[in-house]
Amino acid sequence: MQYGIIGGTGFEAPFSPAKEEIFSTPYGDAKLIYPENKPYVFVSRHGTDHTIPPHKVPYRANIWALKEIGVTEVYGISAVGSLKKAYGPDSVVLCDDFLDFTKTRPHTFYDGDHEAAKHIAMAAPYDSELNDAFEAALGEKLPRGVYVATEGPRFESRAEIKFYASIGGDMVGMTNVPEVVLAREMGLHYANICHVINYCTGVEDTMVISKSEEVRNKIIRAVDEVFTSDRVP
Ligand code: HPA
């Protein structure tokens, strides 16, 4: 299986009937979901019943399992808050870099237990060809942005959001680190599609969370199109 999708909040399950497999790894179990007649495997980051909080997602098991079954190209899909007035709720933004403010989660395969210490370059964490292929399938040009990863599960304070905006962040989420880092450690081509569902704390007076099915459907249809057509570079 060459292709993988890791779905986050709002993308808990693939849209077609699927078979599930519990895949054991040195880092615990990963649940792999195989949509019928599709050339990709699906992983539900928070579980299909949304019970796994961001700091307890089995990131290493998920990425290890994808690598083991032969996946080379992965789209992560994430719900995020926006630091920028210009990217309002229901915007779609592609990651082109990240800032890491996570605190407690296992964040590497190279921890000296199972693998030798190793230092992976992070100059280009997100695969630009996967980003371009997604845009082509969507038929839209999308902004690129810097993803600020927070520990969660709480939302941020006003002061934190001011700080993240001041250091170059564009959107805030709780899961893309360590996911992108682990994907790069395993040599996977990885891109992350962000569905903006709210302005971050204090960017507007009140925080309103969008639940637009339309944007979710549009994202999942385009990812499906990339993987089921010849759009992958
Ligand atoms: N902050 C952090 N993570 C998020 C947010 C937010 O405002 N919205 C969706 N995920």
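Me: Where does methionine 174 lie in this predicted model?
Reply: Methionine 174 sits in the loop between β8 (171-173) and α4 (176-185). A "binding site" annotation from UniProt, in an unreviewed entry, covers Met174.

Me: Why does methionine 174 count as buried?
Reply: Methionine 174 has 26 C-beta neighbours inside 10 Å. The cut-off for buried is 20 or more. Therefore methionine 174 counts as buried.

Me: Which residues does methionine 174 touch, not counting residues up to four places away in sequence?
Reply: Pro54, Ala149, Thr150, Glu151, Gly152 and Pro153. A contact needs C-beta atoms within 7 Å.

Me: What surrounds the ligand?
Reply: Met174 is one of the surrounding residues, and others include Thr150, Phe155, Glu156 and Cys200. To count, a C-beta atom must lie within 6 Å. β5, β8 and β9 each supply at least two residues of this shell. β5 gives the most, with three residues.

Me: Why does asparagine 37 count as exposed?
Reply: Asparagine 37 has 8 C-beta neighbours inside 10 Å. Exposed means 12 or fewer, so asparagine 37 counts as exposed. Asparagine 37 lies in the loop between β3 and β4. Its phi is positive, about 60°, although asparagine 37 is not a glycine.

Me: And why is aspartate 90 called partly exposed?
Reply: Aspartate 90 has 15 other C-beta atoms within 10 Å. Aspartate 90 is in the loop between β5 and β6. Aspartate 90 also has a positive phi, about 80°.

Me: How do you know that β2 and β3 pair?
Reply: Pairing takes at least two bridges. Strand β2 (residues 18-25) and strand β3 (residues 28-35) have eight, in the antiparallel sense. Therefore they count as paired. A hairpin joins β2 to β3 through two residues.

Me: What is the span of helix α5 set against?
Reply: Helix α5 (residues 213-228) has 16 residues and reaches 22 Å from its first C-alpha to its last. That is close to the 22 Å expected at 1.5 Å a residue.

Definitions and conventions:
Residues numbered from 1 in each chain as written. Predicted model: local features only at pLDDT ≥ 70, side-chain atom pairs only at ≥ 80, totals over all residues. UniProt positions renumbered as here; feature names shortened; annotations may be inferred. Helix = DSSP H or I, 4+ residues; strand = E, 2+ residues; numbered from the N terminus. Contact = placed C-beta atoms within 7 Å. Expected span 1.5 Å × (residues − 1).
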